[in-house]
Amino acid sequence: MDRKIFSYLAILAFLLFNNFVSSFPSGYNNGYNNGHGYGLVSNLDYRFYDRSCPRLQMIVKSGVWRAFKDDSRIAASLLRLHFHDCFVNGCDGSILLNDSEDFKGEQNARPNRNSVRGFEVIEDIKSDIESSCPLTVSCADIVALAAREAVVLTGGPFWPVPLGRRDSLTASEQAANTNLPSPFEPLENITAKFVTLGLNLKDVVVLSGAHTIGFAQCFVFKHRLFNFKGSGQPDPNLAASSALLSKLKDTCPNVDSSNSMLAALDAATSVKFDNAYYVNLMNNIGLLDSDQTLMTDPTAAALVKSYSENPYLFSRDFAVSMVKMGKIGVMTGNDGVIRAKCGFPG
């Protein structure tokens, strides 16, 4: 993208998102609250660390860039890490906690096991920050900033990240198994999980657009290649694209040993954050059930069509939804802690 256009879009995004955030009063909670601050809370501050850790955002940006140079997949992984953190008891860094004698953490929950990545990147960034600003910046804020940098690095939109989250002292494998949307669930179930957190169907469609980058393990979608809904045949949508179906079958042969193999969620531009994901859905070649099912709902399908035709609209709405998601269940003030190491509660 032309540098001048990118700069213009970044400035426009900043103005739009400041207006978006300022529409809520300080300390706003949307009514979705489970007693732990769960729900959308906006008593965060864009300039929270300006004095206490002025180099924070540059440190995070540098850390994500170092990781990305060695592994382009890490961008999608860091974005997913933020999503999986926020959907389980709020954006509190709980997904980073290792199992302990007191709790079974989220890393080995079914949606995360052998799947969620990027813990070492966050820990490396945390170590760099501790050298400059000891016990000042939460791991939850680092995850939120790293997700933004990952999107920007792959050509996606910039958005200001409100800060001031605190870290949890515990994590829950059970909550992760229950709260995280599954690629096998119907759209109604997925939407219900979003609504419980103060999000809505539009956020489902917009945040699903994160699948414009990254990969999925074969076991997640292999049934669509060989035995769709018990038919013994491929999903007719994928079968209509013989070249794609053939490529996916080569990547994911119908044997158990292929379950952990990887296929790009967006085969056209797997490391570029763009609107090709929605173009794929319009062509009925979304990789996951949970992707293509967006076309079965008239409201969701209309949004998909809009985003497939207007990449700038998608970039704007994605940034707005990321800000919303980043406010789910946050702890601030004296609640929670600032961890010295992200994998340990102390």
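This is a predicted model: local features need pLDDT of at least 70, side-chain atom pairs count only at pLDDT 80 or more; totals for chains, interfaces and linings use all residues.
At 1% relative accessibility, F314 counts as buried, a label given to residues under 20% relative accessible area, with exposed meaning over 50% and partly exposed in between (1.4 Å probe, protein chains only). Residues are numbered from 1 along each chain as its sequence is written, and side-chain values use heavy atoms, with hydrogens and water left out.

A pair of aromatic rings is described by the distance of the centres and the angle of the planes. Here, rings of Phe, Tyr and Trp (its six-membered ring) pair if their centres lie within 6.5 Å; planes under 30 degrees apart are called stacked, those over 60 edge-to-face, and the rest tilted. The whole structure holds 13 aromatic pairs by this search. One of them is the stacked pair of F273 and F314, with 5.6 Å from centre to centre and 5 degrees between the planes. F273 belongs to the loop between β2 (262-264) and α13 (276-282), whereas F314 belongs to helix α16 (residues 311-325), so the pair ties together parts that are 41 residues apart in sequence.

Y278 and Y307 supply a tilted pair, 5.2 Å centre to centre with 55 degrees between the planes. Since Y278 lies in helix α13 and Y307 in helix α15 (residues 298-309), this pair ties together parts that are 29 residues apart in sequence. Both Y278 and Y307 are buried.

Stepping back to the whole chain, the protein has 16 helices and two strands. These elements are DSSP runs numbered from the N terminus, with helices (H or I) of at least four residues and strands (E) of at least two. Of the 346 residues in the protein, 52% are buried. The accessible surface comes to about 15,700 Å², and carbon and sulfur atoms contribute 54% of that area; such areas come from the Shrake-Rupley method with a 1.4 Å probe, and for residues only the protein chains shown count as cover. Among contacts (heavy atoms within 4.5 Å) with a separation of 6 or more, 76% are between residues 24 or more positions apart.

Which residues of α2 are buried? They are L56, I59, V60, G63, V64, A67 and F68. These residues cover an arc of only 165 degrees around the axis, which puts them on the same side of α2; the arc is that of the directions from the helix axis to the C-beta atoms. An α-helix has 3.6 residues a turn, so residues three or four places apart point the same way. The buried residues of α2 pack against α3 (74-86), α4 (119-132) and α5 (139-153).

Covalent links complete the picture. A disulfide is a covalent bond between the sulfur atoms of two cysteines. When it is defined as a pair of cysteine sulfur atoms within 2.5 Å, the count comes to four disulfides. One of them joins C53 to C133, with 2.1 Å from S to S. The torsion about this S-S bond of C53 and C133 is about 75 degrees, so the disulfide is right-handed. C53 lies in the loop between α1 (3-22) and α2, and C133 in the loop between α4 and α5, so the pair ties together parts that are 80 residues apart in sequence. C53 is buried at 1% relative accessible area, and C133 is buried at 5% relative accessibility.

Another disulfide joins C86 to C91, at 2.0 Å from S to S. The link of C86 and C91 is right-handed, with 120 degrees about the S-S bond. C86 is buried at 0% relative accessibility, and C91 is buried at 0% as well. The disulfide of C218 and C252, at 2.0 Å from S to S, is left-handed, with -65 degrees about the S-S bond. Both C218 and C252 are buried. Counting bonded cysteines along the chain, the disulfides follow the pattern 1-4, 2-3, 5-8, 6-7.
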